[in-house]
Amino acid sequence: MSGERQLRFELNGAPVAARAASHETLLEVLRTRFGQHGVRESCGQGVCGTCTVSVDGRAVSSCLMLAAMADGTRVRTAEGLSAVPELHPIVQAFVEEFAFQCGFCTPGMVMMAGSLLAENPDPSVDQIRAYLNGNLCRCGCYPEIIRAVRAAAVMLNDAGR
Amino acid sequence: MTTAPQTFELREPGSVDEALALLGDRAEDVRPIAGGTALMLVMRYGYFWPETLVSLRRLAAELGGISSDPGGDLRIGATTTLRELEASDIIAARVPAMVEALRQLANVRVRNVATIGGHLCHGDPHMDLPPLLMALDARVRVASLRGPRWVPVADLYTGYYETVVADDELLTEVVIPAERCEADTAYLKFSARSADDWPTLGVAVGGMRDGGRLSGVRVAVGAVGDRVSRVAAAESLLEGQQPSEELFGHVAATSAAAMVGDGDAYMAELVRVQVRRALAAALGGGRPGP
């Protein structure tokens, strides 16, 4: 057996397919087959958060997930939040709070914030810190990021979403 | 620093029996994979490349679940994720120390996929749940084509990344005895780096009272040496004694000597301080001391 297999899954709401070798990670497949460049590899150990995607509604480190494990699942990436001209509230909040400098960690931060707000629509600052403790920002925008998550929570709750 | 990946076969059995048959087939080159967070690290760093991985992804019905049995023992299926444990009402009610430990373990993404079975079988001494489960007198059920057996978590580790789980075996269940759920238990983790880091040192203590005296005391330490283990010297000093700060200080110093001896002075100091704090947290009836 060559170790390759055909994968079928949903990517940001659309059915997709790809062939992948058994050792390929979900991160590699998302970037190289589907151009999802917001999914990034930095630590390769699951601790930095730049590879954060959502699989069946749960935030995961795509650098540690074999692509084959995503077969048959619903995958969401930050690109799926890239609606224009009306920005997704979380993205809007990050912009308004200047919650990024270089932007490298931002897709992962936005995805993780989305996961948090889906589980806990009104998180405290301590809860935000704890939930996002696996997402690193080397530019040090943590205060702004926390403010952005709070602002997004308010926006989403006001909109009744 | 990752090595060039090698391809392997990924099998996805639909039943535990099928999984055991796969593991028993060519035992040496086959490994089970559940969440995969630990195994992926081991493979990416080139320490181990299996020929076949047996995914447990489809076995949640047989291998998942958290429940109390009629006798009050807590039963946890091996593929239960750490996040499920963290969010479980049963765990919060019966073993709150585990929820506390899980909140400090890795990060939400890892806990979303990592399973308690994989966590226990990894065998890295720098892990959070093994000392806590030792303090809880937990035991695990290990299955294979040769039949199931039960192993106390205290007897699980034989060395660095080495466990008594054979290559053709699968950990299926974790059980915490009812009486230990009622015991005073605490896990104190020390990490010198980021919030989600592996423990530099982890100390778990569990104990009960008989009148004013300590009984059934367990002290387990992780991240010192090549395996997580209980500290027999500490336990025998505490058994039948009245708790006191002086006793805890003495036991902590004895633990440091027993576990580190003439080894690293920094680690010895960490052990001395953290064991004292863990004893106070679990058995002191109050806040951890300085």
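1. B:Asp137 counts as partly exposed because its relative accessibility is 24%. Buried means under 20% relative accessible area, exposed over 50%, and partly exposed in between (1.4 Å probe, protein chains only). B:Asp137 is not a glycine, yet its phi is positive, about 55 degrees. Its place is the loop between helix H9 (129–135) and strand S6 (139–143) of chain B. Helices (H or I, at least four residues) and strands (E, at least two) are DSSP runs, numbered from the N terminus.

2. This is a predicted model: local features need pLDDT of at least 70, side-chain atom pairs count only at pLDDT 80 or more, and totals for chains, interfaces and linings use all residues. Residues are numbered from 1 along each chain as its sequence is written, chains are lettered from A and ligands numbered from 1 in the order in which they are written, and side-chain values use heavy atoms, with hydrogens and water left out.

3. B:Tyr161 also has a positive phi, about 60 degrees, and is not a glycine. Look for it in the loop between strand S8 (157–159) and strand S9 (162–163) of chain B. With a relative accessible area of 31%, B:Tyr161 is partly exposed.

4. Now chain A. The axes of helix H2 (residues 89–96) and helix H5 (residues 142–158) of chain A come within 8 Å and cross at roughly 135 degrees. Therefore H2(A) is oblique to H5(A). Angles under 35 degrees count as roughly parallel, over 145 as roughly antiparallel, 65 to 115 as roughly perpendicular and the rest as oblique. Axes are lines fitted to C-alpha atoms, for helices over the stretch in contact, and angles run from 0 to 180 degrees between N-to-C directions.
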